[in-house]
Amino acid sequence: MFIRDLFLYFARFVPKAALRDAFTFSGHDGSAALLQECLALPDDAVQAPVTAFIFGPDEESVRERISAAPGMYLFVDYSAATSYIDSKDVKTDKMHIGITVAVPTPDDIDQPSRMLIQDDTLAVVKAIRDRMRADSDADPSLEWLPMEASTITPFLAKALAGSTGWLLEWNIKLIDTL
């Protein structure tokens, strides 16, 4: 259930057309219902420059989707979860989450153009991070969202269609969730 919540939370930053393009309706009967949930999300957090939504840890699928992205994309990734039980028998899970906002670029892109793309993508990462902080303060059901610490680093990936942008990473803490 948590991965689905993560998907829905970040779908709110993506224009509806890009959300529709993220679905191929293959592999799970719940895809159509999930798309309808995404399309019903309010538009108040949408980042208009985003043209593609990519989600998940499958490297091959991510590479294919990034190569097909028509412009700026939002990529949400998650990785290993660590669980521990404290002295009061409370199970705590921590998971590493990352969002990348980037643009596929040609091999011969000049440095000023790359800088301008990084400036544009950083503005979107900042807007998403600011909204995440506001949402975590305003909605107690998003107990997983608060970021005690986060890191924003440049994202330059020749293997991913020459992508240029920024990566926001943080660890989330979940109580008896996973």
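Guide: Helix 1 and helix 3 cross in a right-handed sense, the near helix being turned clockwise from the far one by less than a right angle. The model is a predicted one, in which local features need pLDDT of at least 70 and side-chain atom pairs count only at pLDDT 80 or more, while totals for chains, interfaces and linings use all residues. Residues are numbered from 1 along each chain as its sequence is written, and side-chain values use heavy atoms, with hydrogens and water left out. Helices (H or I, at least four residues) and strands (E, at least two) are DSSP runs numbered from the N terminus.

The axes of helix 1 and helix 3 (residues 31-39) come within 9 Å and cross at roughly 40 degrees; axes are lines fitted to C-alpha atoms, for helices over the stretch in contact, with angles from 0 to 180 degrees between N-to-C directions. Contact here means heavy atoms within 4.5 Å. Arg4, Phe7, Leu8 and Ala11 of helix 1 meet Leu34, Glu37 and Cys38 of helix 3. Five of these contact residues are nonpolar, none is polar and two are charged; Ala, Val, Leu, Ile, Met, Phe, Trp, Tyr, Cys and Pro count as nonpolar, Asp, Glu, Lys and Arg as charged, and the others, Gly among them, as polar.

Helix 1 is mostly covered, with seven of its ten residues buried. Buried means under 20% relative accessible area, exposed over 50%, and partly exposed in between (1.4 Å probe, protein chains only). The buried residues are Phe2, Leu6, Phe7, Leu8, Tyr9, Phe10 and Ala11. Phe2 is also a contact of Thr177, which touches Asp93 as well, leaving aside neighbours within four places in sequence. Thr177 lies in the segment after strand 5 and counts as partly exposed because its relative accessibility is 38%.

Helix 1 (2-11) also belongs to the cover over the buried residues of helix 5, together with elements including strand 2 (73-85) and strand 5 (163-175). Among the buried residues of helix 5 are Ile117, Val124, Ile128 and Met132. Val124 and Ile128 are touched by Gln47, as are Phe13, Pro15 and Ala127, not counting residues up to four places away in sequence. Gln47 lies in the loop between helix 3 and strand 1 (52-55) and counts as buried because its relative accessibility is 15%.
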